[in-house]
Amino acid sequence: GAVDVEADVVVLGGGPGGYSAAFRAADLGLNVVLIERYANLGGVCLNVGCIPSKALLHVAAVVDEVKHLEVAGVKFGAPEVNIDQLRGHKEKVISKLTGGLGQMAKMRKVTVLRGYGQFVGSHHIEVQETAGEGQEKTGSKKIVQFKNAIIAAGSQAVHLPFMPKDERVVDSTGALDLKSVPKRMLILGGGIIGLEMGTVYSTLGARLDVVEMMDGLMQGADRDLVKVWQKMNAPRFDNIMVNTKTVAAEATPEGIKVTFEPAKEGVTVPEPQTYDLVLQAVGRTPNGKKIGAEAAGVAVTDRGFIDVNIQMRTNVPHIFAIGDIVGQPMLAHKAVHEAHVAAEVIAGEQQGNKELASAAFNARVIPSVAYTDPEVAWVGLTEDQAKIQGIKVKKGLFPWVASGRAIANGRDEGVTKLLFDDSPEAHGHGRILGGGIVGTHAGDMIGEIALAIEMGADEVDIGKTIHPHPTLGESIGMAAEVAHGSCTDVP
Ligand code: FAD
């Protein structure tokens, strides 16, 4: 068919990966078309992910935090929650951010096409216009011809096949809708997303059960850190079921009746339980199979991922892919960094700029954060991984009972942990390999450890860096001193 729009680069998907790629490419002087099926840019992260969940978690954290003031002689009454207003607040946060993105696209002269995009050839993509709040298709179609493409079509929640279609069964998007607060809620999948949403609902009054197939909650984080979180959060839960499979569910007038089975020998599981709300948070699946990739010759794995090299290039040299669709970890900050690489490589190649064209995704580490209360954050090598992989590490552990600020805050349950290379080649001056923090504001602090790893810092570099007193961030310097053996302040 006839070509309606021509682009130096077309970006498929307007999430953190997609809009970051489009903006960087435009800033580098390329003519950019950005395709997004929904009315707002921002993708999962801004519309139904990172941002709305944090708007609600902030409210939950403040409500929970004031309870810690009772020991200081300050007591608040029970909060009065207007759930419609709370939802409205969350919506305002989203629209402020997505509206800002729309403006930034305009300023940069990025052409945003509202519609569902599918490749129809190696240099052509067809966009079926969508309208309204969702992705209702209208009759109108456009063909975009491109020199380069960046696929940033993201991922969506996995739904278990045996779950009944019922408004009492939701995924994270449904949970963020916050229609009402259930009495009894089951979180299916004990990962970050499930536990964050559980935190919100429990603070608003729900009793929680959680079921997890693996042997512990919050897989990926070190067990000693998770233990601290679990101890603090035990009062929210009636049942924490690990090594347990969910095998059946039935919609009944009383609620969703869920059946469990042991995932491992020797595990006992409860009788079937009935819930007012079931949150499915068992992972996310990439959208690779829904974009006509085959028409462009782009290889998609059985699971729907698109393989790329460190320049974010697919098997088709002029087509790139970034974000959730290229693999784990499915995190917004990873998508953004990959986006910049893809945009720079493309601009460099189109403009004959060798330096730009050699851009690559070389990050040593990508931090993870559970924005629960307390927060759990980790980056790089974990102690559990070090054990499994037989990597010799020197540990610096700083418990927050020795942190003046944590005690002053009435929140001294936290722990900061740093791991240094202790292999013979390190000669006792090993560089930092990883770190983890459990405690309030852990997520805001983990960036320093990521920087230390990227810079190849050792325990002296970190320990001799003067951190302001009294701050929670001091615990990072202290943990380094503990590893070095020069800290006398730890109990
Ligand atoms: P997405 O954000 O998935 O964007 C893809 C976009 O492409 C979507 O807008 C989609 O509509 C569009 N699209 C797809 N196919 C087509 C098509 N064929 N045509 C047109 N448009 C299409 N990450 C963090 O780092 N921190 C957090 O705190 C965090 N919290 C989260 C909380 C929740 C509840 C969830 C679900 C996720 C959270 N994440 C968080 C993960 C984060 O949202 C994702 O990693 C991030 O959004 C991935 O960005 P992306 O650009 O790859 O894809």
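## Contacts and overall fold

Two residues count as in contact if their C-beta atoms, placed from the backbone, lie within 7 Å. On that basis, in this predicted model, residues 24 or more positions apart make up 65% of the protein's contacts with a separation of 6 or more.

The protein holds 15 helices and 21 strands. Its radius of gyration is 24 Å, close to the 23 Å that the globule rule gives for 491 residues, so the protein is as compact as a globular protein of that length.

## Around the ligand

Let's turn to the ligand. It is surrounded by 36 residues, and the closest are Gly 13, Gly 15, Gly 43, Gly 154 and Gly 323. Several elements give two or more residues to this shell: helix H1 (16-27), helix H2 (43-48), helix H3 (50-67) and helix H9 (332-351), along with strand E2 (32-36) and strand E3 (111-121).

By residue type, the shell around the ligand divides into 17 nonpolar, 15 polar and four charged residues.

## Strand E5 and its partners

Strands of a sheet pair through backbone hydrogen bonds, either parallel or antiparallel. Strand E1 (residues 5-12) runs parallel to E5 and is joined to it by seven bridges, with Val 9 having Asn 148 in E5 as its bridge partner. Strand E16 (residues 319-321) also pairs with E5 in the parallel sense, over three bridges; here Ala 149 stands opposite Ile 319 in E16.

The antiparallel case is strand E4 (residues 124-131), joined to E5 by seven bridges. Thr 130 stands opposite Lys 137 in E5. E4 and E5 form a hairpin with four residues between them, and Gly 132 in the turn has a positive phi of about 75°.

## A three-stranded open sheet

Elsewhere in the chain you will find an open sheet of three strands, in the order E11-E12-E13 and with antiparallel pairing. Its edge strands are E11 (244-252) and E13 (273-275), each of which pairs on one side only. From one strand to the next, the twist averages 30°.

Which strand do eight bridges join to E11? That is strand E12 (residues 255-262), and the two run antiparallel. To locate one of these pairings in the viewer, look for Ala 251, whose bridge partner in E12 is Ile 256.

Methods. Residues are numbered from 1 along each chain as its sequence is written. This is a predicted model: local features need pLDDT of at least 70, side-chain atom pairs count only at pLDDT 80 or more; totals for chains, interfaces and linings use all residues. A residue is near a molecule or strand if its C-beta atom, placed from the backbone, lies within 6 Å of it. Ala, Val, Leu, Ile, Met, Phe, Trp, Tyr, Cys and Pro count as nonpolar, Asp, Glu, Lys and Arg as charged, and the others, Gly among them, as polar. The radius of gyration is taken over C-alpha atoms; the globule rule is 2.2 Å times the number of residues to the power 0.38. Two strands pair if DSSP finds at least two bridges between them. Axes are lines fitted to C-alpha atoms, for helices over the stretch in contact, and angles run from 0 to 180 degrees between N-to-C directions.
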